Amino acid sequence: MVTAMHCHCCDCQKSTGSGKATIIAIPESSLKVKGTLKYYSVVGTDGATVNRGFCENCGSPVMSVVVGLEGWEGIKLIKAGSLDDSSWVTVNASIWKSSARHWDAVREELPTFEHNPQN
Ligand SMILES: [Zn+2]
């Protein structure tokens with residue numbers, strides 16, 4: 001795991017049907033995926049392509065890959081809620097505070113970024 005964070009971007013809100021996605025960043029080389037995911041591609045707020053992988057049977061969002069955004073090469077973003085055991089996950093930051101909803105407020109005790117961390 002590189003980090004785990006709450007992402008409050010509009011795209012994560014749409015894809016989860018909630019106020020944020022809790023995502024775990026994992027290097028591609030450390031990840032083994034069994035089975036196949038269906039992918040839906042969107043252009044994120046920063047202009048990068050986000051390939052959102054979901055279970056073709058139940059529709060649950062599982063994993064995303066960001067293409068064309070510096071610093072995210074080779075990183076897979078796993079939806080924490082998709083894991084059978086997420087007890088080991090520690091959330092380190094909140095990102096995209098700029099689009100957070102009042103009904104799912106940013107945890108201000110965490111390092112918080114208005115957009116992506118490098119912005
Ligand atoms: Zn997001």
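Close-up 1. Setting aside neighbours within four places in sequence, methionine 5 is in contact with Ile23, Val91, Asn92, Ala93, Ser94 and Ile95; two residues are in contact if their C-beta atoms, placed from the backbone, lie within 7 Å. The model is predicted: local features need pLDDT of at least 70, side-chain atom pairs count only at pLDDT 80 or more, and totals for chains, interfaces and linings use all residues. Residues are numbered from 1 along each chain as its sequence is written. The largest nonpolar core has 16 residues, of which Met5, Cys7, Ile23, Ile78 and Trp96 touch the most other members. Strands E1, E2, E5 and E6 each supply at least two residues of this core. A nonpolar core is a set of buried Ala, Val, Leu, Ile, Met, Phe, Trp, Tyr and Cys residues joined through C-beta atoms within 7 Å. A residue is buried if 20 or more other C-beta atoms, placed from the backbone, lie within 10 Å of its own, exposed if 12 or fewer, and partly exposed in between. Helices (H or I, at least four residues) and strands (E, at least two) are DSSP runs, numbered from the N terminus.

**Close-up 2. Strand E6 and its pairing partners.** Strand E6, residues 75-79, is mostly covered, with four of its five residues buried. Strand E2 (residues 21-27) runs antiparallel to E6 and is joined to it by five bridges; two strands pair if DSSP finds at least two bridges between them. Within this pairing, leucine 77 in E6 is the bridge partner of alanine 25. Strand E5 (residues 61-67) is also antiparallel to E6, through three bridges. Here lysine 76 in E6 stands opposite valine 65.

Close-up 3. Strand E3 (residues 38-43) lies largely in the open, because the number of its six residues that are buried is zero. E3 pairs with strand E4 (residues 49-54) in the antiparallel sense over six bridges. Glycine 53 in E4 is the bridge partner of tyrosine 39. Five residues lie between the two strands of this hairpin, and in the turn glycine 47 has a positive phi of about 90°.

**Close-up 4. The surroundings of methionine 1.** Methionine 1 belongs to the segment before strand E1 (3-7). Methionine 1 is partly exposed because 13 other C-beta atoms lie within 10 Å. Not counting residues up to four places away in sequence, methionine 1 touches Ile24, Ala25 and Ile26. Methionine 1 and valine 89 are 88 residues apart in sequence, yet their C-alpha atoms are 9.0 Å apart in space.
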